[in-house]
Amino acid sequence: MSDAPTKNPGWAGNTGEFDLTEAQVRGDDFVGTRPLEGAHPAGAPSYAFMRAERDPEAPLFEGPYQTRFEKLLTRYPEKRAALLPVLALAQEVRGHLSPESMARVAELLELPDAYVRGVATFYTMYNKREVGRFLVQVCTNISCNLCGADDVLAAFLRATDTEPGETSADGDFTVVEAECLAACGFPTCVQINSRYYENVSPEDVPAILERIRERGE
Amino acid sequence: MAYPYTSEHEVRVLSEHFGDPTARTLEGARAKGRYETLRKAFEMDRDDVIEVVKASGLRGRGGAGFPTGVKWSFMPKDDGKPHYLLCNADESEPGTFKDRELIRWDPHQLIEGCLIAAYAIRAQHVYIYCRGEFFEASAILGRAVEEAYEAGLIGRDILGSGVEIDLTVHIGAGAYICGEETGLMNSLEGRRGQPRVKPPFPAAVGAFGKPTTINNVETLAAVPHIVEHGAEWYRQWGTEKSPGTKLFCVSGHVKRPGNYELPLGFPLQTLIDEVCGGIRDGNALKAVIPGGSSVPIMNAEEVAACSLDYEGVVACGSMLGCASVIVMDETTDIVKQVRRVAYFYAHESCGQCTPCREGTTWVTKILQRIEDGRGTEEDLDTLVEVTDQMTGTTICVLSDSVAAPVQSSITKFRDEYLALIRRGERVGAA
Ligand SMILES: Cc1cc2nc3c(=O)[nH]c(=O)nc-3n(C[C@H](O)[C@H](O)[C@H](O)COP(=O)(O)O)c2cc1C
Ligand code: SF4
Ligand code: FES
């Protein structure tokens with residue numbers, strides 16, 4: 001393409017003007033100890049991110065996570081309203097929502113187990129089974145599709161030697177097709193864990209994967 | 001040239017600080033005048049704030065284009081109940097990418113707009129519902145909220161005015177349907193995000209059963225400017241019925257895709273040719289979807305005649321929606337793209353209504369069959385018939401959203417369907 005689109009600057013634009021880390025986006029002082037302590041009850045820093053390091057057996061809502069859980073409850077007039085962010089918190093620790101994790105959330109929020117499962121399965125961002133350390137979501141919806149998203153998806157699958165939804169042998173990558181990520185002017189948009197990569201073309205794929213392996217985020 | 005691209009045609013009111021990270025901090029935002037209008041609004045009578053917004057003619061930027069001031073005036077007064085303001089930042093309509101930019105470049109503009117709106121509608125609590133994928137945007141927003149709380153701009157006795165408003169960023173978990181206003185309320189309450197039957201309308205029974213107003217991010221971001229400068233100032237742009245400026249999200253086969261803030265009524269052809277530098281590779285234009293994937297497709301002839309205001313786009317056979325302009329050049333495979341859009345709706349249908357749940361799946365399957373060269377001409381009649389039955393028969397308009405691209409493409413690009421059906425030939429590659 002002659003007049004190639006520039007990279008959209010910001011946290012997302014990994015190849016753009018700034019290349020910010022999660023810490024810089026959330027505020028250096030917010031990452032590390034502070035977000036875990038929860039900061040101001042209204043601030044987003046106590047919300048969940050998608051992390052590469054997690055443990056499906058890790059204890060839920062202990063230590064700093066207990067504080068974050070309690071902060072979430074203060075934001076709503078009803079306990080049930082905290083369900084979505086609390087499920088996200090559980091997923092941040094464990095990487096996916098097992099039936100046992102959902103049962104624990106149900107117990108804490110005083111909701112029926114079946115209700116929590118019904119809600120959790122309604123939303124696509126809750127992983128119902130384990131995924132790779134890096135979940136690669138390639139938007140193939142119309143705007144990205146017009147600009148070659150199918151080829152980008154194919155390139156990720158080839159580079160990781162996987163089928164859609166399958167985790168690579170080393171446990172690092174799961175590549176899936178995603179719906180519109182609201183970055184349609186910067187196609188193809190790819191979300192890898194919490195980060196957006198924009199203007200991705202098939203040629204960029206090896207470099208992106210290498211960068212992720214190196215930086216671990 | 002800054003922020004991926006800009007153009008001299010632009011009137012950058014809301015997008016003035018796109019590409020400039022200094023507006024993200026409270027200090028930077030205040031240096032740019034943010035929160036000055038808040039003080040002014042709190043000195044006004046609440047109903048006068050509603051009147052200014054009404055007089056400005058501002059229309060909802062979330063898709064439906066409903067006049068914002070009129071919506072606010074539906075909120076009960078002195079009913080003694082808690083009221084809520086919900087800001088819709090679920091942005092998931094394919095082709096739309098403005099709200100994320102408004103949040104991540106200028107979060108304080110949105111917070112100020114939310115506070116003024118909350119004051120006007122007598123809400124004590126604002127929830128900004130961000131789609132779950134917006135980790136970056138919601139982190140930036142959350143940080144801005146925290147800074148504003150610490151500076152006494154949110155919370156008890158804001159700026160010593162005695163006004164109390166809380167503001168919470170709520171994060172979704174991946175479901176397009178949560179952008180529908182009552183689906184969003186259910187999702188906020190910790191339920192499946194399935195739309196509710198209306199009436200009762202949100203202004204009577206909304207979030208947590210209380211009177212609620214819901215507005216899009218872009219709508220609320222415009223509010224401080226209108227309250228600051230007045231209705232007449234805002235009306236210097238746009239048309240009588242569609243006043244003001246609007247962010248146009250241009251994607252697809254143009255040389256310079258991106259967000260452009262233009263006066264409503266701007267010619268679509270000029271947007272493509274001049275603002276966006278024309279079609280890539282010198283190709284010819286085939287089609288445009290002017291308002292996000294759920295509005296009818298326009299052909300090149302309609303595009304040439306189209307002015308981008310709510311009425312102008314309707315006159316050319318489509319709808320402005322959220323002004324997400326998807327441009328397709330001559331290499332486009334229309335059938336494939338319509339099938340991709342139909343697949344999206346099948347994936348996102350919440351499943352409550354039979355015409356939508358079954359219809360979206362059928363339509364996708366039939367389109368896939370045609371795309372694979374196994375279709376028949378009767379399939380086209382079936383598609384029209386099925387989508388007819390999906391229109392006006394369901395709880396929300398997601399179902400109708402499938403009919404628009406399917407029916408308009410069958411009417412306007414019938415040749416492409418027939419080529420696939422008769423000879424198994426694809427017209428385009430993309
Ligand atoms: C299926 C569906 C999805 C929608 N998605 C969004 C969305 O992502 N963002 C948005 O602001 N409005 C969306 N809307 C429109 C909202 O229901 C609502 O009209 C809007 O948020 C009102 O705000 P406004 O008056 O400021 O436009 C959607 C509507 C439907 C039917
Ligand atoms: S029309 Fe579709 S998405 Fe809307 S409520 Fe009915 S089933 Fe759900
Ligand atoms: S279509 Fe890919 S981000 Fe919107």
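**Notes on the interface and the ligand site**

1. Between chain A and chain B about 5,700 Å² is buried, and carbon and sulfur atoms give 60% of that area. On the chain A side, A:Phe122, A:Ile142 and A:Leu146 lose the most area to chain B, together 12% of what that side buries. Counted by residues, 70 of chain A are in contact with 79 of chain B.

2. Keep in mind that this is a predicted model. Its scores are ipTM 0.95 and pTM 0.94. For chain B the mean pLDDT is 95, with 98% of the residues at 70 or more.

3. The shell around ligand 1 holds 18 residues, of which B:Gly62, B:Lys71, B:Asn88, B:Asn216 and B:Thr219 come nearest. By class, 8 residues of this shell are polar, 6 are charged and 4 are nonpolar. Strand 4 of chain B, residues 212-216, gives the most to the shell, with 3 residues.

4. Polar contacts to ligand 1 involve both side-chain and backbone atoms. A polar side-chain atom of B:Asn215 is 3.0 Å from an oxygen atom of the ligand. From the backbone, a polar atom of B:Glu91 lies 3.3 Å from an oxygen atom of ligand 1, and an N or O atom of B:Gly179 lies 3.3 Å from a nitrogen atom of ligand 1.

5. How much of the accessible area of ligand 1 does the protein cover? On its own, ligand 1 has 610 Å² of accessible area, and the protein covers 90% of it.

Methods. Residues numbered from 1 in each chain as written. Chains lettered and ligands numbered in written order. Predicted model: local features only at pLDDT ≥ 70, side-chain atom pairs only at ≥ 80, totals over all residues. Heavy atoms only, no water. Near = heavy atom within 4 Å. Polar contact = N/O pair within 3.5 Å; in protein donor to acceptor, adjacent residues only side chain to side chain. Areas by Shrake-Rupley, 256 points an atom, 1.4 Å probe, with all protein chains shown as cover. Helix = DSSP H or I, 4+ residues; strand = E, 2+ residues; numbered from the N terminus. Nonpolar A, V, L, I, M, F, W, Y, C, P; charged D, E, K, R; others polar. pLDDT = per-residue confidence, 0-100. Contact = heavy atoms within 4.5 Å. Buried area = accessible area lost by both parts, 1.4 Å probe.
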